[in-house]
Amino acid sequence: MIEQLRAGNVRALARAISTVENRAPGWAELLKALFPHTGKAQMLGLTGPPGAGKSTLVDQLAHFYRKNNQTVGIIAVDPTSPYTGGAILGDRIRMQDHFSDPGIYIRSMATRGSLGGLARTTADVSTVLDAAGRDLVMIETVGVGQDEVDIVRLANVTILILVPGMGDDVQTIKAGIMEIADIFVINKSDREGAEHVEREIRTLQSLATRRDGWTPPIVKTVASQGTGIEEVAGAIADYESYLQKGNLALGKSVENWQERLIEMLRDTLLERARKQVGDGQLSKLAAEVAEHKRDPYTLVEEIAANAARS
Ligand SMILES: Nc1nc2c(ncn2[C@@H]2O[C@H](COP(=O)(O)OP(=O)(O)OP(=O)(O)O)[C@@H](O)[C@H]2O)c(=O)[nH]1
Ligand SMILES: [Mg+2]
C-alpha cells in the first residue's frame, strides 16, 4: 500500500487516510512507515467563522496552485452543527469540480469525538497526504474553539478569514486564533464594511508584537469571483521566504512538535491506563472513592505507574 501511495495512487491514499482516521488495525505501523517520507509538503491552515467563504477560497487557491503544477490535498474539518449540513453539501458540490483532476484530493472529516481527538487525527491525515507527495496541504476549520486553534497550529502558514459586517465581532473570534494568524484575509470584500474590519485588525495588531517580528498582511478578496487569490498566494510566499531568511521555519516546527508530542503522550498513556482499568472496574473504583474507602490521589498514582510500565 505504501508503494502505491508514494506513486500517487489515489485509491491507496484514500485507504491509508481511512485507516488512520478510523484507527483501524495497523494505523500506527502505517504512520511509522510513512513518517520518513514526510516533511516536504507545505501545510496551510485556513480558519474563520462559519460561512466566511473558507471553502470557496480553498477551492480558488487549489486551482491557482494546480496551474503552477503543484499537487494539492485538502482536509475540510467540518464545522460543528448547526452548520454541518450546509458545509458538507457545499464541499461536495465543489468537490465534483475536481473529480477529473487527481492532482487535487479532498477529504472531509466529520470527526468530532473521533478516536484520536480531532487535532491529532487531522495531523495524522495531513502526514499521510505529505507522504503521498502532495506539494501543498490545506486544512480548513471553523475558528470557534480550542480544537481549531490546535489544528491550525500544525500549519506552516495560518490564514484567518474574516468578513465585513463582523464589526466588533472580530473580538469574538477565539483569541488564540487571532494571535496565530500569519495572514488576514477579508473575504466578501464586495460587501460593505471591509475597511472597518481592516481597521479592527490593525488596532488588534498594534496591541501585540509577534515574537518572529512578522506583521501579518491583510488581503481583501472576493473568493466567489476569484478576486484577490493571487494576492493571497503572494502573501503566503512572502511569509515563507520571511521564515526561510530568518531561519525561523525549524524553530516553528520544533514548537509544533512539542505540542504534538505532549498530545501523543497524553493519548498513549491514557489509552494504557484505560486498558488497565476496564469500564466496569472504573465504576467500582469510583464507588470506593465516593464512599471514602479509598483516596483518589493514591489510586491515580498507582494506575499511572502501572500504565507507564505496561
Ligand atoms: N458575496 C460574496 N459571497 C461569497 C464570497 N465568497 C464566498 N461567498 C459565498 O458565501 C457562502 C459560504 O461560502 P463557503 O465557502 O461555503 O464558506 P465556509 O466558510 O467554507 O463555510 P463553512 O465551512 O460552512 O463554515 C457561499 O454561498 C459562497 O458562494 C465573496 O467573496 N463574496
Ligand atoms: Mg467550508
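Predicted model: local features only at pLDDT ≥ 70, side-chain atom pairs only at ≥ 80, totals over all residues.

Reader: OK, how many residues are in H10, and how far does it reach?

Author: H10 runs over residues 229-245, which is 17 residues, and spans 24 Å from first C-alpha to last. That is close to the 24 Å expected at 1.5 Å a residue.

Reader: Which residues of H10 are buried?

Author: Ile229, Val232, Ala233, Ala235, Ile236, Tyr239 and Leu243. They sit on the same side of H10, because the arc they cover around the axis is only 155°.

Reader: And what's exposed on the other side?

Author: Glu230, Gln244 and Lys245 are exposed there.

Reader: What do the buried ones pack against?

Author: Quite a list: strands S1 (42-48), S5 (157-162), S6 (183-186) and S7 (218-220), plus helices H4 (54-67) and H11 (249-276).

Reader: What about the phi of asparagine 247, after the helix?

Author: Asparagine 247 follows H10 and has a positive phi, near 55°.

Reader: Switching topic. How many salt bridges does the structure hold?

Author: There are 16. One of them pairs glutamate 21 with arginine 107, at 3.3 Å from N to O. Glutamate 21 is in helix H2 (residues 10-21) and arginine 107 in strand S3 (residues 104-109), so this bridge ties together parts 86 residues apart in sequence.

Reader: Which residue does aspartate 124 bridge to?

Author: Arginine 260, with the closest N and O atoms 3.9 Å apart. Aspartate 124 is in helix H6 (residues 118-131) and arginine 260 in helix H11, so to speak a link between distant parts of the chain, 136 residues apart. Both aspartate 124 and arginine 260 are buried.

Reader: And lysine 220, what does that one meet?

Author: The lysine 220 side chain meets glutamate 195 in a salt bridge, 4.0 Å from N to O. That joins strand S7 to helix H9 (residues 194-207), with the two residues 25 apart. Lysine 220 counts as partly exposed at 33% relative accessibility, and glutamate 195 as partly exposed at 46%.

Reader: Last one: which residues are joined into one network by salt bridges that share partners?

Author: Arg23, Arg120, Asp124, Arg260 and Asp267.

How values were computed. Residues numbered from 1 in each chain as written. Chains lettered and ligands numbered in written order. Heavy atoms only, no water. Helix = DSSP H or I, 4+ residues; strand = E, 2+ residues; numbered from the N terminus. Expected span 1.5 Å × (residues − 1). Buried < 20%, exposed > 50% of the residue type's maximum accessible area, 1.4 Å probe, protein only. Arc of directions from axis to C-beta. Contact = heavy atoms within 4.5 Å.
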